[in-house]
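Take a look at the structure shown here.

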Amino acid sequence: MKTECIGDYVKLNGKNYPCTVSLTMDLVGGKWKAVILYHLKDEAKRYNELRKEMPTITEMTLSLQLKKLENDGLVARKVYGKKPPVKVVYSLTDFGKTLAPILEAITQWGNQTVKEKGEFISF
């Protein structure tokens, strides 16, 4: 039995989805969410560390996507200190860590696809 299609909809955090695939893609889909999660899967990082690892993402996009991932419970934001400059560190929550095998599979598939059909480019 397909569990993703048991009912007419599935619900998470007050949002209805037509199936579990739709729910998953809402949480990690888009150009940057999975990339951000990938960069946080092994260790917590500060905002500027993430920016350096993803130089083509804009500051606004990174900030917005981090907020969305935090609201969805995949990323935790920890603030150290009370007065500026404060230290802010982002890490995966336990829920976010459950995506690690999926992120690894996506990475392996992407690497294999480039090896077979594309090319790796260094600047």
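How many residues lie between β4 and β5 in their hairpin? There are six residues between them, and G81 in that turn has a positive phi of about 95 degrees.

## Before going further

This is a predicted model, where local features need pLDDT of at least 70, side-chain atom pairs count only at pLDDT 80 or more, and totals for chains, interfaces and linings use all residues. Residues are numbered from 1 along each chain as its sequence is written, and side-chain values use heavy atoms, with hydrogens and water left out.

## The overall picture

The protein has six helices and five strands, and from the N terminus on they run β-β-α-α-β-α-α-β-β-α-α. Helices here are DSSP runs of H or I with at least four residues, strands are runs of E with at least two, and both are numbered from the N terminus. The C-alpha trace spans about 55 × 40 × 25 Å along its principal axes.

Of the 123 residues, 25% count as buried; buried means under 20% relative accessible area, exposed means over 50%, and partly exposed is in between (1.4 Å probe, protein chains only). The accessible surface comes to about 9,000 Å², and 55% of that belongs to carbon and sulfur atoms. Those areas come from the Shrake-Rupley method with a 1.4 Å probe, and for residues only the protein chains shown count as cover.

## The sheet

Three strands make an open sheet, ordered β3-β5-β4, with antiparallel pairing. β3 (45-46) and β4 (75-80) stand at the edges with a single partner strand each, so one side of each has no neighbour in the sheet. Two strands pair if DSSP finds at least two bridges between them.

β4 is joined to β5 (residues 87-92) by six bridges, while β3 and β5 pair over two bridges. V89 in β5 is the bridge partner of K78 and also of R46. Y80 has K87 in β5 as its bridge partner.

## Loops worth a visit

In the loop between β4 and β5 you'll find P85. A cis peptide bond joins P84 and P85, with omega about 0 degrees. Most peptide bonds are trans, and most residues other than glycine have a negative phi.

N13 has a positive phi of about 50 degrees although it is not a glycine. N13 lies in the loop between β1 (10-12) and β2 (15-17), and it is exposed, with a relative accessible area of 59%.

T93 sits in the loop between β5 and α5 (94-97). At 18% relative accessibility, T93 counts as buried. Leaving aside residues up to four places away in sequence, T93 touches G73, L74, V75 and A76, where contact means heavy atoms within 4.5 Å.

## The largest pocket

The largest pocket holds about 170 Å³ of space. On a 1 Å grid over the protein atoms alone, a pocket is an open set of points where a 1.4 Å probe fits, with protein on both sides within 12 Å along at least five of seven lines; lining residues have an atom within 4 Å of a point. Grid points are joined across faces, edges and corners, and the volume is the space filled by probe spheres set on the points.

Its lining is V35, Y38, H39, I106, T107, G110 and N111. The elements giving two or more residues to that lining are α2 (33-40) and α6 (100-117), and α6 gives the most, with four residues.
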